[in-house]
Amino acid sequence: MRIAGYDIQPIVLHLPDDIKYVKQSEEMKNRLQEAGIKDAMFVSGIHSDKFGILGIHPYTLDNPDATHYIGQKYVGSFLSQYVVYNVMNALPNEYYLFFEPDAVLPDNFLRKLEFEMFNLPPDFDFLFIESCCAMDKPMEHVGGNVYKFKRSRGYPSKYPCGGACYIISKKCLEHVIATQRDTYAPADLSLGMHSFYAMDVYAILPRLVQQKGNENLPH
């Protein structure tokens, strides 16, 4: 499909191993149809429990002396995103519009998204459509509700968290795949610490899309 002149393939993360996630995907398919998105590709991710993942890499960023481990859930999520990146990289499109299956779209989603995307430069790399914890990060106003984040690297991440809905460019996927090889932090933090430093990252603020259950998280 084309949005604001860009060639964009919608991608939905799908977990077919649990009735809860199967139901989420069916509901998401209906929401997308209602929004006018009829060509979404559903990509099967990693169900950490079914795959026997332990998640034993230590997470010590906040407290170097702690013995906290990344855990099963976050490793499954990280690996699912990694699968999605590789699927995107194998496809021919210019950009990819990603959804987690619990993303909640506003009325007139495509019209509102297109309006904001006209504020972007033609070669942008990443656009947060759903995010949280963004307002205290170094950024500049671009136009409309679009903001650009200052490039940075390492901990603490100076980029938004979340990402239940985003757009990513084809041209930066090889870089993302190469820099997301160590599963010790949640996928959103890992992008901010290890990948975004070489990318032009933007966000729509306040977020245009909500994630079910996280509606009250700070923008």
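F196 is buried, with a relative accessible area of 1%; buried here means under 20% relative accessible area, exposed over 50%, and partly exposed in between, with a 1.4 Å probe and protein chains only. Colleagues, I begin with this residue and its ring partners.

This is a predicted model, in which local features need pLDDT of at least 70 and side-chain atom pairs count only at pLDDT 80 or more, whereas totals for chains, interfaces and linings use all residues. Residues are numbered from 1 along each chain as its sequence is written, and side-chain values use heavy atoms, with hydrogens and water left out.

Let me turn to the aromatic rings. Rings of Phe, Tyr and Trp (its six-membered ring) pair if their centres lie within 6.5 Å; planes under 30 degrees apart count as stacked, over 60 as edge-to-face, and the rest as tilted. By this rule there are eleven aromatic pairs. One of them joins F128 and F196 edge-to-face, at 5.9 Å centre to centre and with 85° between the planes. The pair links distant parts of the chain, for F128 belongs to strand β6 (residues 126–128) and F196 to the loop between α5 and β10 (201–204), 68 residues apart. Helices (H or I, at least four residues) and strands (E, at least two) are DSSP runs, numbered from the N terminus. Like F196, F128 is buried, at 3% relative accessibility.

A further pair is that of F149 and Y159: the ring centres are 6.4 Å apart and the planes stand at 50°, so the pair is tilted. F149 is in strand β8 and Y159 in the loop between β8 and β9, ten residues apart. Both F149 and Y159 are buried. Ring pairs connect F98, F126, F128, F149, Y159, Y166 and F196 into a cluster.

Which residues does P160 touch, leaving aside its neighbours within four places in sequence? They are F128, S131, C132, C133, A134, K137 and F149, where contact means heavy atoms within 4.5 Å. P160 is found in the loop between β8 (146–149) and β9, and it is buried, with a relative accessible area of 1%. P160 and E130 are 30 residues apart in sequence, yet 9.4 Å apart in space, C-alpha to C-alpha.

How many disulfides does the structure hold? It holds zero, a disulfide being a pair of cysteine sulfur atoms within 2.5 Å. For C132, the nearest cysteine sulfur is that of C133, 3.6 Å away. C132 counts as buried, at 9% relative accessibility.

Next, the hairpin. Strand β7 (residues 139–143) and β8 run antiparallel and are joined by four bridges; two strands pair if DSSP finds at least two bridges between them. E140 stands opposite K148 in β8. Two residues lie between the strands of this hairpin, and G144 in the turn has a positive phi of about 60°.

Finally, helix α2. Its 20 residues (71–90) should span 28 Å at 1.5 Å a residue, and the end C-alpha atoms are 29 Å apart, which agrees; the expected span is 1.5 Å times one less than the number of residues. The buried residues of α2 include V75, F78, Y82, V84, Y85 and M88. The buried residues of α2 pack against β2 (6–14), β3 (41–44), β4 (95–99), β9 (165–169), α4 (173–179) and α5 (187–194).
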